[in-house]
Amino acid sequence: AIEISYGSMDYALNIFRGGAPFSLALRHNPLFRTRSPLKRALLTAFFNKRMLPVFQPFEPMYNLDYAAHAKTLTDIPIITVGGVRARTDMEKAISSGAADCVAMSRPFLREPDFAARLRDGAVASACSNCNNCVLMVDAGQPTRCYKRTFHSPEGQQS
């Protein structure tokens, strides 16, 4: 199968959809963390002026059109990933023939039992695509959902 995705950590801005809590990165991500108020202000200004405007808005199933196009080019099974959150979208992607399979990542970070919840009738993931999990990739913290609470490396809640 071929998975149709968009972006990689080589150019991380491609995997951000919607906004990003840059203040979290300033506090915890070693790439941005600083105690200097001047550096913090400069980084924030740079982020707000140069980085935030290039973020694409979050849309459910944002790679599905590309998956549908790929289906016209090959007989190899096509998997779509990106913005997969709701059962109805998953079912539509497969029943319409736009994709043979759907894949998810962030919903499983938010709810490790999401597949079982879908089986038992859940209609959507609680993942809000807040991007906290992506911002924390370089922070020396486990890959997990940081939406509800964030515990700093020192164990203090932030």
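Phe-22 counts as buried because its relative accessibility is 7%, where buried means under 20% relative accessible area, exposed over 50% and partly exposed in between, with a 1.4 Å probe and protein chains only. This is a predicted model, in which local features need pLDDT of at least 70 and side-chain atom pairs count only at pLDDT 80 or more, while totals for chains, interfaces and linings use all residues. Residues are numbered from 1 along each chain as its sequence is written, and side-chain values use heavy atoms, with hydrogens and water left out.

Rings of Phe, Tyr and Trp (its six-membered ring) pair if their centres lie within 6.5 Å, and planes under 30 degrees apart count as stacked, over 60 as edge-to-face and the rest as tilted. By this rule there are five aromatic pairs. One of them joins Phe-22 and Phe-32 edge-to-face, at 5.2 Å centre to centre and with 70 degrees between the planes.

## The phenylalanine cluster

Phe-47 and Phe-55 form an edge-to-face pair, because their ring centres are 5.9 Å apart and their planes stand at 80 degrees. Phe-47 counts as buried at 3% relative accessibility, and Phe-55 counts as buried at 9%. Together, Phe-22, Phe-32, Phe-47 and Phe-55 make up one aromatic cluster.

## Cysteines

With a disulfide defined as a pair of cysteine sulfur atoms within 2.5 Å, the count comes to zero. The closest cysteine sulfur to that of Cys-130 belongs to Cys-145 and is 5.7 Å away, too far for a bond; Cys-145 is likewise in no disulfide.
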